[in-house]
Amino acid sequence: MRAEYLETSGVEDLGIFKILVDTTEDEVAEWAKTTLKEEPIIIKHQVPRPNESLVGKPLTVEKAEDIISARESVMCHLIEQNSYVCHKTSHVGITAIQVSPNGKPSTVHLACHYGEEEVGMCHVLNVGDLFFSPAGKKQFLRQAASNGDK
């Protein structure tokens, strides 16, 4: 497969955006590595599938734990099979949220993009989304072990 790179102008404080079409996770990781040019070694985190479908179900948060906090990172959102929208972020945190709509625990991941002093925007990450951050700065608070995280 060959990745197509469609670069767009970054919005202020949101950094560089790229659309990668007909690509592989390895090619996405390579783009993330070149985007985080000061740090050649990166850690990849992939959002896992919950234990059951959570669509349309009322959810109650049972437990929430911050798992990642990074000053500089790349987030890639899976938009369809082998296609991602990726962007460089200046400060993001990821929280693992445990819910149990039918008594079977599942974890969803929430990403929050921070501004200078406060949270700017938070959103749920989708199954298959990828997050890359430099390995050398001890930015991972915890490697999530639930639901088969990678």
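The model is a predicted one. Of its 150 residues, 42% are buried.

The protein contains one helix and ten strands, and their order along the sequence is β-β-α-β-β-β-β-β-β-β-β. Among contacts between residues at least 6 apart in sequence, 62% join residues at least 24 apart.

In soluble globular proteins, nonpolar side chains tend to be buried together. Here the largest nonpolar core has twelve residues: Leu20, Val28, Trp31, Ala32, Leu36, Ile42, Val74, Cys76, Tyr84, Cys86, Leu130 and Phe132. Two or more of these residues come from each of helix H1 (25-35), strand E5 (73-80), strand E6 (83-89) and strand E10 (130-134). The greatest share is that of H1, with three residues.

Leu130 belongs to the largest core. Apart from neighbours within four places in sequence, Leu130 is in contact with Glu25, Val28, Lys44, His45, Gln46, Val74, Met75, Cys76 and Tyr84. Of these contacts, Val28, Val74, Cys76 and Tyr84 are themselves listed in that core.

Leu20, another residue of the largest core, lies in strand E2 (residues 17-21), on the covered face together with Lys18. The uncovered face of E2 carries Phe17, Ile19 and Val21. E2 pairs with E6 in the antiparallel sense, over four bridges, and Ile19 stands opposite Val85 in E6.

Technical notes
Residues are numbered from 1 along each chain as its sequence is written. This is a predicted model: local features need pLDDT of at least 70, side-chain atom pairs count only at pLDDT 80 or more; totals for chains, interfaces and linings use all residues. Side-chain values use heavy atoms; hydrogens and water are left out. A nonpolar core is a set of buried Ala, Val, Leu, Ile, Met, Phe, Trp, Tyr and Cys residues joined through side-chain atoms within 4.5 Å. Buried means under 20% relative accessible area, exposed over 50%, partly exposed in between (1.4 Å probe, protein chains only). Contact means heavy atoms within 4.5 Å. Two strands pair if DSSP finds at least two bridges between them.
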